[in-house]
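Welcome, and take a moment to look around before reading on. The paragraphs below walk through the fold from its overall outline to a few individual residues.

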Amino acid sequence: MCGRYALVNGEKVFLTYKLFKTIRDAQQAFSDLPRYNAAPLQQMPVFIIRDGDLVAVKMQWWLVPPWAKENKPAYSSFNAKAESLATSKLFGPSFRGSRCLVPADAFYEWQRVPTEQEVKGKRKTVESKQPMCIRRKDELPFCFAGLFSIWKDREGKEYPTFAIITTEPNELIAPIHNRMPVILHEKDFEQWLDRNQKETERLKKLLVPYPSEELKAYPVSKIVNNARNDVPECLRPEKKE
């Protein structure tokens, strides 16, 4: 699962990856940054191919399929499982022809941690959830593999939405959570975005856990638990008392 992530500096995304340097007029897509605690239903920038051009656009994070009766979430579709994409009625069409890249600096997961507490005068072991921040060791931005959909109303007005694909965890994430978002390697960006690439078996080979040796994970403040807390402290390592 991926239910929160951070994207702080859009300019850094363009400086890191050559592919994005050809994009013009991307300011609007990144106008709401920095976002330290992005949550589902919020508008975030993504990269897609539209009318043959690579563009950066702002979309709602929670995919609404074109066949939905209204542009409101009716399914838990802010994440899509890599293992079932090809056969999914909800995600299959997007997997075959509407894929996107979702830039990010970090993502958050919650690790269940047993702690000793005194309850009514007795010591008991209870589970608490510790928010963890996961990002590249070099702290450069990366891109999630995503899917997008454009729902249209009767007048033809467009409502673009996206989902982030998840897969099994790598060795770093496994003790924290049983899923992790798919982070793509730069060499695979163009193939993933290519809307003429419809060989799903070939695409599925890209949806694997990112190498654990290139990532780091550390505990952060519980202020991350509330999406309204969109502040730099969300990314900072938790101070030990």
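Let us begin with the overall architecture: the protein has four helices and twelve strands, where helices (H or I, at least four residues) and strands (E, at least two) are DSSP runs numbered from the N terminus. Please keep in mind that this is a predicted model, in which local features need pLDDT of at least 70, side-chain atom pairs count only at pLDDT 80 or more, and totals for chains, interfaces and linings use all residues. Residues are numbered from 1 along each chain as its sequence is written, and side-chain values use heavy atoms, with hydrogens and water left out.

How does the overall size fit the chain length? The radius of gyration is 19 Å, which agrees with the value near 18 Å that a compact globule of 241 residues would have. That radius is taken over C-alpha atoms, and the globule rule is 2.2 Å times the number of residues to the power 0.38. Along the principal axes, the C-alpha atoms fill a box of roughly 65 × 40 × 35 Å.

Now look at the inside and the surface. Of the 241 residues, 49% count as buried; here buried means under 20% relative accessible area, exposed over 50%, and partly exposed in between (1.4 Å probe, protein chains only). Among contacts with a separation of 6 or more, 68% join residues 24 or more positions apart, a contact being heavy atoms within 4.5 Å. The protein exposes about 12900 Å², and carbon and sulfur atoms supply 48% of that area. These areas come from the Shrake-Rupley method with a 1.4 Å probe, and for residues only the protein chains shown count as cover.

Charges come next. There are 39 positive and 31 negative side chains, and the centres of the two sets lie 5 Å apart. Lys and Arg count as positive and Asp and Glu as negative, while His and the chain ends are not counted. Each charge is placed at NZ of Lys, CZ of Arg, CG of Asp or CD of Glu.

How many disulfides does a search of the whole structure find? The answer is zero, with a disulfide taken as a pair of cysteine sulfur atoms within 2.5 Å. For Cys100, the nearest cysteine sulfur is that of Cys143, 9.7 Å away. Cys100 counts as buried because its relative accessibility is 0%.

Follow the chain to Val220, in the segment after strand E12 (215–219). Val220 counts as buried because its relative accessibility is 0%. Leaving aside neighbours within four places in sequence, Val220 is in contact with residues including Tyr108, Pro131, Met132, Cys234 and Leu235.

Finally, some backbone details. Most residues other than glycine have a negative phi, and most peptide bonds are trans. The peptide bond from Leu33 to Pro34, however, is cis, with omega near 5°; Pro34 is in the loop between helix H1 (10–16) and strand E2 (35–38). Leu41, in the loop between E2 and strand E3 (43–50), has a positive phi near 85°, and its 46% relative accessibility makes Leu41 partly exposed. Glu139 has a positive phi of about 60° although it is not a glycine. Glu139 sits in the loop between strand E8 (122–136) and strand E9 (142–152), and counts as partly exposed at 32% relative accessibility.
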